[in-house]
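These are my notebook entries on one structure. I wrote each one after looking up a single point.

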Amino acid sequence: MWVFGYGSLIWKAGFHYDDRLVGFIKDYRRVFYQGSTDHRGTPEYPGRTVTLEPAQGARCWGAAYKISRKEDQQVALTYLEVREKQYDKKAYVDFFTDVNASSPAVTGVMLYIASPDKANVNYLGPASVEDIAKQIVNAKGPSGPNRDYLFNLEKQLLEMGCEDEHVTKIANEARKLISAAEDQNHQAPN
């Protein structure tokens, strides 16, 4: 069994695995369109986490985890079904490690997607970079501040040698908002 992580699973798998490969899937792009009311936000103020949307010709970089033993697979699936419970779809995709390869390194890699279907009550959908960044900067939940998720994702992707334009734009905007708020706090009268 293989599982593809494109968000926090990149840096925090949370289950035992036998191998981890850095690579990408094709024809999907990572977007901050999923609301998080259980990890990086609350029902009153949802955070934003990434999901995937179809995008012809796109590459979404991340990490694929190989889980060999039956017991480990059961534990991982049980854990992921709870952790990813706000993601309403599962897909099985080809995973590549070489941009020049015509055939995948691994086929049938499982991933979770938060879809725009009405059944997914936490799907927030598209918004401007500024609005997404503002929501992320201000949201926090049981797993910590939403901004930590954003900056960890940006850092992990850069360490993989991947710059994700959507993530980078939102992270840069979030830094501007944080800096402006800090400047304002320093100028506030005592």
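**Entry 1: a helix pair.** At what angle do H2 and H4 pack, and how far apart are their axes? I began by noting that the model is predicted. I found an angle of about 60° between H2 and H4, with the axes 8 Å apart. That makes H2 oblique to H4. I also recorded that H2 passes H4 in a right-handed crossing.

I then listed the residues that meet. From H2 I noted Val129, Glu130, Ile132, Ala133, Lys134, Ile136 and Val137; their partners in H4 are His166, Lys169, Ile170, Glu173, Ala174, Leu177 and Ile178.

**Entry 2: helix H3.** I checked the length of H3, which covers residues 146–159. Its 14 residues should span 20 Å at 1.5 Å a residue, and the end C-alpha atoms are 20 Å apart, which agrees. I looked up which of its residues are buried and found Asn146, Tyr149, Leu150, Leu153, Glu154, Gln156 and Leu157. Viewed down the axis of H3, these fall within an arc of 165°, so they line one face of the helix. I recalled the general rule that an α-helix has 3.6 residues a turn, so residues three or four places apart point the same way.

I asked next what covers the buried residues of H3. The cover includes the strands S2 (19–36), S3 (47–66), S6 (140–141) and S7 (144–145), together with the helices H2 (129–138) and H4 (165–187). After H3 comes Gly161, with a positive phi near 85°.

**Entry 3: helix H1.** I compared H1 (residues 70–83) with its expected span. H1 has 14 residues and reaches 20 Å from its first C-alpha to its last, close to the 20 Å expected at 1.5 Å a residue. Its buried residues are Asp72, Gln73, Ala76, Leu80 and Arg83. They cover an arc of only 100° around the axis, which puts them on the same side of H1. On the other side I noted Lys70, Val75, Thr78 and Val82, which are exposed. The buried residues of H1 pack against strand S1 (2–5) and S5.

**Entry 4: residues in strands.** Apart from neighbours within four places in sequence, Ile113 is in contact with Tyr6, Tyr28, Thr51, Leu52, Tyr87, Asp88, Lys89 and Ala91.

I turned to strand S2 and looked up Asp19 there. Asp19 is partly exposed, at a relative accessible area of 34%. Leaving out neighbours within four places in sequence, I found Asp19 in contact with Trp2, Ala64, Tyr65 and Lys66.

Asp27 also lies in strand S2. Asp27 is partly exposed, with a relative accessible area of 30%. I noted its phi near 70°, a positive value in a residue other than glycine. As a general rule, most residues other than glycine have a negative phi.

Methods. Residues are numbered from 1 along each chain as its sequence is written. This is a predicted model: local features need pLDDT of at least 70, side-chain atom pairs count only at pLDDT 80 or more; totals for chains, interfaces and linings use all residues. Side-chain values use heavy atoms; hydrogens and water are left out. Helices (H or I, at least four residues) and strands (E, at least two) are DSSP runs, numbered from the N terminus. The expected span of a helix is 1.5 Å times one less than its number of residues. Buried means under 20% relative accessible area, exposed over 50%, partly exposed in between (1.4 Å probe, protein chains only). The arc is that of the directions from the helix axis to the C-beta atoms. Contact means heavy atoms within 4.5 Å. Axes are lines fitted to C-alpha atoms, for helices over the stretch in contact, and angles run from 0 to 180 degrees between N-to-C directions. Angles under 35 degrees count as roughly parallel, over 145 as roughly antiparallel, 65 to 115 as roughly perpendicular and the rest as oblique. A crossing is left-handed if the near helix is turned anticlockwise from the far one by less than a right angle, and right-handed if clockwise.
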